[in-house]
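Please report on the fold of this chain, its helix packing, its strand pairing and a few individual residues.

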Amino acid sequence: MYRTVTTCQAEPAPTPYPAPSPYALSYSVTLPGEPYSAAVARRTVAEVLRTHRLDGLVPASVQVTGELMAAGWHSSPGEDLYLSVRYRDDSLRLIVYDAHGPHPHPRLAALCEARRRGHLRVLAAVVRDGHGEWGFGPAREPGGGTRSWAALPYRPAG
């Protein structure tokens with residue numbers, strides 16, 4: 001007489017992947033030049049930061065992202081906006097490229113710069129409070145446009 005013995009072994013629990021290092025944070029996304037894109041960008045940045053264990057940067061970064069996206073949309077509504085999120089040298093760098101190019105006439109250029117600075121007043125305050133830097137200028141990418149950016153310093157624990 002033969003007896004069949006079966007052993008039932010539980011499958012090993014899936015091994016969770018370790019959270020990626022903050023220094024591996026490097027994301028880019030192109031979003032439509034529409035008002036709702038700022039909300040999409042804010043949620044994306046918050047999730048990326050949490051994934052990379054940079055939770056302490058979420059509140060300021062979400063605010064800054066929304067301000068950069070809104071300024072880009074106001075400057076070139078209907079045109080795609082390109083968002084870049086990078087962590088380098090203990091600093092989060094948020095960059096938005098929009099399609100609004102420089103004006104050849106000095107008076108128009110000054111008016112446009114003043115308007116953009118006005119759109120970025122809240123961003124300037126948030127970045128200043130976080131001891132960061134911000135600015136904007138001509139994009140150095142093919143097709144031109146404007147590059148608006150903010151850098152927020154952060155020293156990870158440990």
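## Overall architecture

Helices here are DSSP runs of H or I with at least four residues, and strands are runs of E with at least two, numbered from the N terminus. On that basis the chain has four helices and five strands. The model is a predicted one. Read from the N terminus, the order of elements is β-α-α-β-β-α-α-β-β.

The chain holds 158 residues, and 35% of them are buried.

## The α1/α2 pair

Two packed helices are described by the angle between their axes and the distance between the axes. For α1 and α2 the angle is about 150 degrees, and the axes lie 9 Å apart. Angles over 145 degrees count as roughly antiparallel. The pair α1 and α2 is therefore roughly antiparallel. The crossing of α1 past α2 is right-handed.

From α1, the contact draws on Ser37, Ala38, Ala41, Arg42, Val45, Ala46, Leu49 and Arg50. From α2 come Val58, Ser61, Val62, Thr65, Gly66 and Met69. By residue class, the contact of α1 with α2 has eight nonpolar, four polar and two charged members.

Strand β5 spans residues 146-153. Six of its eight residues are buried, so β5 is largely enclosed by the rest of the structure.

Strand β3, residues 91-98, runs antiparallel to β5, and eight bridges join the two. One of the paired positions is Val96, whose bridge partner in β5 is Ser148. Strand β4 also runs antiparallel to β5, here with six bridges. Gly135 stands opposite Trp149 of β5.

## Arg147: a buried arginine

Arg147 belongs to strand β5. Is Arg147 buried or exposed? Its relative accessibility is 19%. The cut-off for buried is under 20%, so Arg147 counts as buried.

Which residues have a positive phi although they are not glycines? Arg53 is one of them, with phi of about 60 degrees. His131 is another, also with phi of about 60 degrees.

Arg53 sits in the loop between α1 (37-51) and α2 (58-75). At 46% relative accessibility, Arg53 counts as partly exposed. His131 sits in the loop between α4 (121-129) and β4 (133-138). With a relative accessible area of 68%, His131 is exposed.

Asp80 lies in the loop between α2 and β2 (81-88). What does Asp80 touch, leaving out residues up to four places away in sequence? Thr30, Leu31, Pro32 and Gly33 are on the list, together with Tyr97 and Asp98.

Asp98 is 18 residues from Asp80 along the chain. The C-alpha atoms of Asp80 and Asp98 are separated by 6.8 Å.

Key:
Residues are numbered from 1 along each chain as its sequence is written. This is a predicted model: local features need pLDDT of at least 70, side-chain atom pairs count only at pLDDT 80 or more; totals for chains, interfaces and linings use all residues. Side-chain values use heavy atoms; hydrogens and water are left out. Buried means under 20% relative accessible area, exposed over 50%, partly exposed in between (1.4 Å probe, protein chains only). Axes are lines fitted to C-alpha atoms, for helices over the stretch in contact, and angles run from 0 to 180 degrees between N-to-C directions. Angles under 35 degrees count as roughly parallel, over 145 as roughly antiparallel, 65 to 115 as roughly perpendicular and the rest as oblique. A crossing is left-handed if the near helix is turned anticlockwise from the far one by less than a right angle, and right-handed if clockwise. Contact means heavy atoms within 4.5 Å. Ala, Val, Leu, Ile, Met, Phe, Trp, Tyr, Cys and Pro count as nonpolar, Asp, Glu, Lys and Arg as charged, and the others, Gly among them, as polar. Two strands pair if DSSP finds at least two bridges between them.
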